Amino acid sequence: MASLKGKIITVVGSGLIGRSWTMVFLSGGYTVKIYDNEPGQASRAITEIRKQLEELQQAKMLRGNLTAAEQLSLLSSHHDLQQALEGAFFVQECVFEDLKAKHTVFHEVENLVTESVILSSSTSCLMPSNVFSCVQNRTRCIISHPVNPPYYVRLVELVPHPETLPAVMDVAYSLMTDVGQAPVRLRKEIDGFALNRVQYAIIAESWRLVQDGVISVKDIDLVMSEGLGMRYAFIGPIETMHLNAPEGMEGYLQRYSEGMKRVINTFGSVPDFSGEPAARIVKEICELIPAEQEHLTVRRERRDQLLMELAKLKK
């Protein structure tokens, strides 16, 4: 596949995810045009990006081989969509999770770009067949779902529209790999994609265990952070199964499949995450982690720092 280096990427939407994608693409040496339909919003986003890149450089946590200044030299802001799309080979949409808003964006974008330009959405929960239903040429459409915060957590789920060409998946995969992300390919669309389906399964059972008085909020979080999460940060659940028996996966299934089925059959119904149980769990978590904004901001900043350090260890 021909090198993508030096090509232009347009990021549509200058909110948190749009700024994060911009920083990721800049770290790989790509020229990035960030667009927002609200005048002045994209330029304000550049101010925030500059601040973050300079702080990351000072902390020696900047991604890529370019300095913060070199990365910023590749960035421009736009409130004219046609100007923002000029020369782009890849468009990353990052507007809010509203189907109508995304339809509007892709309708406008499609009318301003050639057939070869890849149209990518950052949606975390909308199906590709719905996001791109108003696009005429859906063969070049793809979901590139990042994990928040994308600059620190490198997974990207690539989810095709039923009509997406394999070559489009290949280009998206190459791009995401080139900028240091860890792309995974879904072979077909499914509600929630892969990450959220796994995440929601963990959340549901964790919630049930706390709701039913089996364990506290603090301790169920420790089950993950000091147990499952410690090994899942380096190996996934399938490989964990394979390594947890002397004979590998076949041995694991022989030893544990009946026990797994027995326990899984005891899982309760889907929680509704409301009412008295929700109020009780909210109270418990707020006692552990104060809900005031300054406390949450500090916790998020510390989380991001730890995630970046973990990403460095995994390289």
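**Close-up 1. Thr 67 and its contacts.** Thr 67 touches Gln 57 and Leu 62, leaving out residues up to four places away in sequence; contact means heavy atoms within 4.5 Å. The model is predicted, so local features need pLDDT of at least 70 and side-chain atom pairs count only at pLDDT 80 or more, while totals for chains, interfaces and linings use all residues. Residues are numbered from 1 along each chain as its sequence is written, and side-chain values use heavy atoms, with hydrogens and water left out. Thr 67 sits in the loop between H2 and H3; helices (H or I, at least four residues) and strands (E, at least two) are DSSP runs, numbered from the N terminus. Its relative accessibility of 34% makes Thr 67 partly exposed, where buried means under 20% relative accessible area, exposed over 50%, and partly exposed in between (1.4 Å probe, protein chains only). Thr 67 and Leu 26 are 41 residues apart in sequence, and their C-alpha atoms are 10 Å apart in space.

**Close-up 2. Glu 70 in helix H3.** Glu 70 belongs to helix H3. With a relative accessible area of 38%, Glu 70 is partly exposed.

**Close-up 3. Helix H2 and its buried side.** The 18 residues of H2 should span 26 Å at 1.5 Å a residue, and its end C-alpha atoms are 26 Å apart, which agrees; the expected span is 1.5 Å times one less than the number of residues. Ala 42, Ala 45, Ile 46, Ile 49, Leu 53 and Leu 56 of H2 are buried. These residues lie on the same side of H2 because they cover an arc of only 100 degrees around the axis, the arc being that of the directions from the helix axis to the C-beta atoms. An α-helix has 3.6 residues a turn, so residues three or four places apart point the same way. Thr 47 and Gln 58, on the other side of H2, are exposed. H1, E2, H3 and strand E3 (75–78) are among what covers the buried residues of H2.

**Close-up 4. Strand E1 and its two partners.** Five of the five residues of E1 are buried. Ile 8, Thr 10 and Val 12 are on one side of E1, and Ile 9 and Val 11 are on the other. E1 runs parallel to E2, joined by five bridges; two strands pair if DSSP finds at least two bridges between them. In this pairing, Ile 8 is opposite Thr 31 of E2. E1 also runs parallel to E4, again with five bridges, and Ile 9 is opposite Phe 90 of E4. E1, H1 and E2 form a right-handed β-α-β unit; a crossover is right-handed if, with the strands pointing away from the viewer, the path from the first strand over the helix to the second runs clockwise.

Close-up 5. Four bridges pair E5 with strand E4 (residues 88–93) in the parallel sense, and Phe 90 is opposite Ile 118. Three bridges pair E5 with strand E6 (residues 141–146), also in the parallel sense, and Leu 119 is opposite Cys 141. A right-handed β-α-β unit is made by E4, helix H5 (residues 99–110) and E5.

**Close-up 6. Phe 90 and the nonpolar cores.** The largest nonpolar core has 39 residues, of which Phe 25, Leu 53, Phe 90, Tyr 151 and Leu 175 touch the most other members. Such a core is a set of buried Ala, Val, Leu, Ile, Met, Phe, Trp, Tyr and Cys residues joined through side-chain atoms within 4.5 Å. Among the elements giving two or more residues to this core are helix H1 (16–27), strand E2 (31–35), E4 and helix H7 (166–178). Val 91, Phe 106, Val 113 and Val 131 are among the 21 residues of a second, separate core. Beyond its neighbours within four places in sequence, Phe 90 has contacts that include Ile 8, Phe 25, Ile 118, Ser 144 and Leu 175.

**Close-up 7. Helix H7.** The 13 residues of H7 reach 18 Å from first C-alpha to last, close to the 18 Å expected at 1.5 Å a residue. Val 168, Met 169, Val 171, Ala 172, Leu 175 and Met 176 of H7 are buried. Their arc around the axis is only 160 degrees, which puts them on the same side of H7. Gly 180 follows H7 and has a positive phi, near 90 degrees.
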